[in-house]
Amino acid sequence: MKEILWLGRGGQGAFTAAKLFGAAYISDAQSQYALAFPSFGPERRGAPVRAFTKLDTKPVLDRSQTEQADYIVILDDTLYSPELQNLLKPDGRIIINSKAPIPDTFTFDGEAVAKEFRLPTVNTVMLGIVSALSGYITEAQASAAISGYMPEKIQARNIGAVRLAREAVQQ
Amino acid sequence: MSRKFLSGNEAFAEGIRLAKPDVISAYPITPQTIVVERLSEMVEDGSLKSDFIHVESEHSALSCAIGASAAGARAFTATSSQGLLYMAECLYYASGGRFPIVMMNADRSTALPWNIYGDQRDSLSQLDSGWIQVYAENAQEALDLALMSWRIAEDKRVSTPVMVNLDGFVLTHTYETVEIPEQAQADKFLPPYVTDNRIDFANPKNLAFSAGPDTNYIFKYKAHTGMLAAKEVVAETETAFAEIFGRQYSGLLDSYRTEDAEIILVTLGSIAGLCREVTDRLRAHGIKAGVVRIRYMRPFPNEEIAAALKNAKAFGVLEKDISFGNEGTVFTNVNSALQKAGIHIPGYNFIGGLGGRNISAGEIGEIFAAIQSGANSVNFLGIDDAEKTGGDGNGKSNS
């Protein structure tokens, strides 16, 4: 099973990204299963939130919070602390939306891409980054999930943001 | 059939859409709210042709459903936690009147301390209310139960309301892969509700009457036998369901690797999946573990539990409930089943997940280890000190 832990602040769409990633993974393969859930509780703008995506080739039975992630994706770099390395599998990676490099992590300036597509948040940009780095989902699957589960008027811009983010990684 | 990525609440709402209730009356409460929102959206956009009645409380929500059912309508409501407790008075009117209402309950902790997160203390407190109680493990089962529950409730041998329980958040708010059946399949499986137990001006009769000491006990006896008849109807319903939808369920309980198991963990609801995963890991290390997931708490699967546990050396019950001053109610029920069957093996109660506390794979591993080595009679997960658990510390199943 592959597990992605998403960290963001209320309003940044961390759970939306977690959900889209799961929806993308199951989008065209009957033999692929996913689970996605947020850290449960009242929704508060700006408060730290966690979200979880679990991917497997059999139904996902484990609904508990991820303790060892393949990827930790952080939408706001002020949420990073070195202790998060303890939540990674041995070959796991931390991906951070940040303008400045941070030791032992992969950083990417998601805001620059979000701005280009007039998006108020970097969630789908970072989804594009982790999709390219992990290879868990294709660009077509990510686009299918956005088309299936996001409001129509923001679909094209989010699909564009995913594409640009993936291209940035591939370069 | 379409394959979607849905939350437990959304999946359940899809099942209710396919069941085409005539009347929906509900009051929103976390973590059930999304079911009510989705159904009201479906009524608004015309994809569900139900009368959606906005009510001012849960007491009214169920009263309204009772009235609708008494008029011969298929009636649905949904609630959670304090909402269920607030409608408790009406639960008995619905079951006593033999009105086959279906209710979805999002299992949530009860106050005080106030808490919106999942545990099963709300529904388990209502085991004696005369409702069939079933607990879903995942979103697909929730959707499927939304269809099957009507057929069980409305069967003339049963005529008893059904409460379908979904663990709050862990199931209601978790997104997963769900197959949504076609309406034609649902129509084939679930015909429209037809009943004589209704207000009929052409054939006037007394409904929801009083009954004194001379006859009252007969009605209670009939409610009991009607509930017991549900055991057979559940099996028939699941067979019919499998024929149309291709998914076979396992009756009142779901046994996993119990045939040769030496230690068995009995549980219910969405935690069962992780228990099965831990069982597989233990088996890989030569430990003969097994899991029983109770699906129906009422009618209670006494014989099935005895059959599943009869060759085990010890068992545990993991539940999100505590009956203060005694033990978890599920544990009490399981012990009763074993006592009646003459099975005397050590059993231990594990109280976990209260107020939404996460239950980890590691903790389930520790539970199996405790079943194997002996534990307190009652053990609170996360509170290790035996003195604090109130357990007797000597490994006896019944203190």
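## A parallel pair in chain A

Let's start inside chain A, where strand β1 (residues 2–9) and strand β4 (residues 69–74) run parallel and are joined by four bridges. Two strands count as paired if DSSP finds at least two bridges between them. Helices (H or I, at least four residues) and strands (E, at least two) are DSSP runs, numbered from the N terminus. Within this pair, Leu5(A) has Ile72(A) of β4(A) standing opposite.

Before going further, here is how to read the names and values. Residues are numbered from 1 along each chain as its sequence is written, and chains are lettered from A and ligands numbered from 1 in the order in which they are written. This is a predicted model, in which local features need pLDDT of at least 70 and side-chain atom pairs count only at pLDDT 80 or more, while totals for chains, interfaces and linings use all residues.

## One sheet, two chains

Which strands make up the open sheet, and in what order? There are eight, arranged as β6(A)-β5(A)-β4(A)-β1(A)-β3(A)-β2(A)-β8(B)-β1(B), with mixed pairing. At the edges stand β6 (106–108) of chain A and β1 (2–7) of chain B; each has a single partner strand, so one side of each is left without a neighbour in the sheet. From one strand to the next, the twist averages 25°, with axes taken as lines fitted to C-alpha atoms, for helices over the stretch in contact, and angles running from 0 to 180 degrees between N-to-C directions.

The two chains join this sheet through β2(A) and strand β8 (residues 175–180) of chain B, which pair in the antiparallel sense over two bridges. Here Ala36(A) has Tyr175(B) as its bridge partner in β8(B). Strands of a sheet pair through backbone hydrogen bonds, either parallel or antiparallel.

## Where the chains touch

The contact involves 17 residues of chain A and 20 residues of chain B; two residues are in contact if their C-beta atoms, placed from the backbone, lie within 7 Å. On the chain A side, α1 (14–25) and β2 (33–38) each supply at least two residues.

## Loops of chain B

Ile271(B) is found in the loop between β10 (263–268) and α10 (272–284). Is Ile271(B) buried or exposed? Ile271(B) is buried, because 27 other C-beta atoms lie within 10 Å; the cut-offs are 20 or more for buried, 12 or fewer for exposed, and partly exposed in between, with C-beta atoms placed from the backbone. Beyond its neighbours within four places in sequence, Ile271(B) is in contact with Leu318(B), Gly353(B) and Ile359(B).

Arg98(B), not a glycine, has a positive phi near 60° and counts as buried, with 22 C-beta neighbours inside 10 Å.

## Confidence

The predictor gives the complex an ipTM of 0.93 and a pTM of 0.94. Chain B averages a pLDDT of 95, and 96% of its residues score at least 70; pLDDT is the predictor's confidence in each residue, from 0 to 100. Over residues 386–399 of chain B, pLDDT stays under 50.
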